[in-house]
Amino acid sequence: MVYIIRRLMQAVFLALVMSFLVFAGIFSVGDPVAILIDPEATQAERVRLVAQLGLDRPFHEQYFIFLGNVLQGDFGNSFVYNRPALELILERMPATLELAFASIVIAVVLGIPLGVYAGLRHGSVGSKTIMAGSILGFSVPNFWQAIMLILIFAVILGWLPVSGRGEVGQFMGIHSSLFTLNGLKHMALPAINLAIGHLALVIRLARSGTREVRAQDYIRFARAKGLSEKRIVMVHLLRNILIPIVTLVGMSFGGLIAFAVVTESIFAWPGMGKLIIDSIHLLDRPVVVAYLIVIVMIFIILNLLVDLLYSLIDPRIRLDEVRQ
Amino acid sequence: MAKLSKLVSATALAALLVSTAGAQSITAGLTAAPSSMDPHFATTGQNQQLAAVMYDRLIHIADDGSFAPGLATDWEVSDDQLTWTFNLREDVTFHDGSPFTAADVVFTFDRIPEVPNSPAPFTQRLAAIDSAEAVDDYTLVVTTSSPAPGLPTDLSTIYIVSETVNDASSADFDRSIASNGTGPYRQVSYSPGENLVLERNDDYWGDLPDFEQVTIRFLDNSASRVASIQAGEVDFIDSVPPNDLDRLRELNDVTVVSAPSARMLYMGVDQLEDTTVQIDPSVGNPFLDHRVREALSLAINREALVDRIQFGSGLPANQFPPEGIFGHNPDIPEFEYDPERARELLAEAGYEDGWAMAIHGPTGRYVNDTEVLLAIGQMWSQIGIDVDVVSVPANVYFGRATDREFSSFMVAFGITTGESSLAYRNVLATVDDDRGWGSNNRFRYSNEEFDAALESAFDAFEDADREAALQEAARIAAEDIALIPLYWEGNNWAVNGDLDFTPSPDGRSLVTNLSTR
């Protein structure tokens, strides 16, 4: 428990440092009013807007006002939309979360069996094909994959929609497009697009883990004991290759949530990634800062979950050790 | 077997029903998402092209640029030119069924200054108005403190909302609970950054649009926008990238509609002082010399910019208003391309060896902007100037341009009001913060003669006088080579083969301009 609290304290400190860096960074990039304002506006209107947004104050004052408001739970209003920044982000979070979830599921459900197979049947044609595919998977640029997926499955074959989020269904109080056929169809291409790179990594990790573990004494012993191949793979092997994969999945999930920017913008997916990239373009500082704080929190929570999972998978690991 | 054929015919019938329903509802893919659904939040194009189909103005603009009756059927101004009387259209109802009256107009005028934190407020467009009074339900009297010939133009951009809006915030419009206009479509739902669903207002007083329902999706990625219309997922897209025009034209079930826009790209050159920031002080400021500006203009091959870089989309420009926009001066000659003459002029001006400088432009703001700037850099190099081309991300660029960190830079100004006075007031008039002139004059051109012509345009009550004054301003700017015009950007739309799209002069992607073939 102490451990968890300490981690959360670290998180708060990290968020504070990060908010300062981002705030200073955007402050030095330029003047949001120069981009936002109507070219037809007069000087008087410009001056009034600058004052309304509080941009006429010196940097340190702006930052302390911001900090004071954050302590009261107010991340400020977006310069562009004039709505609370946090509200804008949270409103788009479900779309991003469901996409990240779907692609992680694809990466794990396909990646582990393929990787284990490639490791067990090392040198076979099947194994070589899988490995060649995985190299292709993480070396082909993400945006190009996306456009090819659209071209093949949406334009030429017409099986799946080009872009957008489909119908949103409700299940146990959760609204998500995972629960409708139309929603799943819309999600298929962006989820595959996001998954491909991670799938390739999971395959490689599972394969190298399998090759290492299958030569271990306990696997030989299990074989000597006459256990079925199925049991050896499913119980003894799988459990032992899982630690690096869990780490990877945990970190990938954070990355998928925070940086699905390319996929979200090509597939017009109304998630946070698209919001953040638009906000950066328009120097919408409140949204950028709030977003990064939310992302820092997500990463820290995921790290924590990964650590907790370690001790579940491998009883030899206790949290004190993880901490070291 | 009989059962099967019955099933087949039932399916066919269902498919038929679906396809007729399909003709009644269409989906449009627009590039730019609005910052708010509040029609009074921002004057930006993406906000206005949506507001314009849901809300009427007192005065509308016809396709030829002239005024047309909107919610006001006619209007007149008193002899002292200070009192305007508007007769309002009767039997018009808002989307919630309540009747439209003069009180709603007064409410709208009062609401506009109260909309907080707008980055592009409408207040300037009401600045001339001293008071507005509803004399009776269908008569509105507006007084101004000084004669305001521009009032009808200003009012043609003010969206009238119902008094029932009350003290609703901009966010209430996003939630579709405050949206209440008199326009041909009414707002059903809006998901920010995703889509906007509109339904036809069957009680509309004007021409009814062809479609019962329009879903507008916001697709800012050009590749997926083009793919969406190819796959038949949307019926209409705007901002077709010029690079894709030929490919789309070859498709049978897609029609490409192109029209020149009133958005002119230009190179501004610093004309304030004897030195300029991007050029070595020992050289001085060459741009002060008319011959140098003329040489820079002569060195630019505008046809090539449009044909090669923009794939034929656009028109070489010689003044802000293109033909068809009020104030266009047809007597101004095309700006020629003559690098020989340009070199001679530079020599005459004492710059036969040229000088070294950086030129600046934004990236990702205008269509193929970096390529255009590179081409200009090369064209200027050919007349002996040592040019360093610098492309700056748009979010940094405009702040730096306003801070006058550039000596020679590329910008566009789009005319959205159907006439050229605002372009002149903001870009070319001598900077004067008190009266709000020259707010975009980042290169500090200044000519009293030009300012006088513009002033008389703002003061003129008769259209003919105004037009003459604006044309005079255009002539002075062109003769001075106040800035170096490049081209008017082209607008390109693609529509599904069953539909027609009629571009309006302001270049907006109005879904009311879509019709069945």
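Author: Let's begin with helix packing. Axes are lines fitted to C-alpha atoms, for helices over the stretch in contact, and angles run from 0 to 180 degrees between N-to-C directions. Helices (H or I, at least four residues) and strands (E, at least two) are DSSP runs, numbered from the N terminus. In this structure, α5(A) packs against helix α10 (residues 229–258) of chain A at an angle of about 150°, and their axes are 10 Å apart.

Reader: Before we go on, what sort of model is this, and how are residues, chains and ligands labelled?

Author: It's a predicted model, where local features need pLDDT of at least 70, side-chain atom pairs count only at pLDDT 80 or more, and totals for chains, interfaces and linings use all residues. Residues are numbered from 1 along each chain as its sequence is written, while chains are lettered from A and ligands numbered from 1 in the order in which they are written.

Reader: Thanks. What does that angle make α5(A) relative to α10(A)?

Author: Angles under 35 degrees count as roughly parallel, over 145 as roughly antiparallel, 65 to 115 as roughly perpendicular and the rest as oblique. So α5(A) is roughly antiparallel to α10(A).

Reader: Which residues make the contact between α5(A) and α10(A)?

Author: Two residues are in contact if their C-beta atoms, placed from the backbone, lie within 7 Å. Here α5(A) brings T96(A), L97(A), A100(A), S103(A), I104(A), V108(A), I112(A) and V116(A). From α10(A) come V233(A), I245(A), V249(A), S252(A), F253(A), L256(A) and I257(A). For classes, Ala, Val, Leu, Ile, Met, Phe, Trp, Tyr, Cys and Pro count as nonpolar, Asp, Glu, Lys and Arg as charged, and the others, Gly among them, as polar. On that basis the contact of α5(A) with α10(A) has 12 nonpolar, three polar and no charged residues.

Reader: Is the crossing of α5(A) past α10(A) left-handed or right-handed?

Author: A crossing is left-handed if the near helix is turned anticlockwise from the far one by less than a right angle, and right-handed if clockwise. α5(A) passes α10(A) in a right-handed crossing.

Reader: And how does α5(A) pack with α6(A)?

Author: Helix α5 (residues 85–120) of chain A meets helix α6 (residues 125–139) of chain A at about 130°, with axes 8 Å apart. That's why α5(A) and α6(A) are oblique to each other. The crossing of α5(A) past α6(A) is left-handed. L114(A), Y117(A) and A118(A) of α5(A) touch down on G126(A), S127(A), I130(A) and M131(A) of α6(A). Sorted by class, this contact of α5(A) with α6(A) has five nonpolar, two polar and no charged residues.

Reader: Zooming out, what does chain A come to as a whole?

Author: Its secondary structure comes to 14 helices and two strands. The C-alpha atoms of chain A fill a box of roughly 85 × 55 × 40 Å along the principal axes. A residue is buried if 20 or more other C-beta atoms lie within 10 Å of its own, exposed if 12 or fewer, and partly exposed in between, with C-beta atoms placed from the backbone. Of the 324 residues of chain A, 39% are buried.

Reader: How is chain A divided into domains?

Author: Domain bounds come from an automatic or database domain assignment. Chain A has domain 1 (15–71) and domain 2 (93–321), and the C-alpha centres of these two domains of chain A lie 38 Å apart. Their contact takes 11 residues from domain 1 and 10 residues from domain 2. On the domain 1 side, α1(A) gives the largest share, seven residues.

Reader: How many residues does each chain bring to the contact between chain A and chain B?

Author: 46 residues come from chain A and 42 residues from chain B. α3(A) gives the most to the chain A side, six residues. That side of chain A divides into 27 nonpolar, 11 polar and eight charged residues.

Reader: Can you show me a residue of chain B? Where does N117(B) lie?

Author: N117(B) sits in the loop between α3 and α4 (123–126) of chain B. It has 17 other C-beta atoms within 10 Å, so N117(B) is partly exposed. Not counting residues up to four places away in sequence, N117(B) touches Q52(A), L53(A), N77(A) and N82(A).
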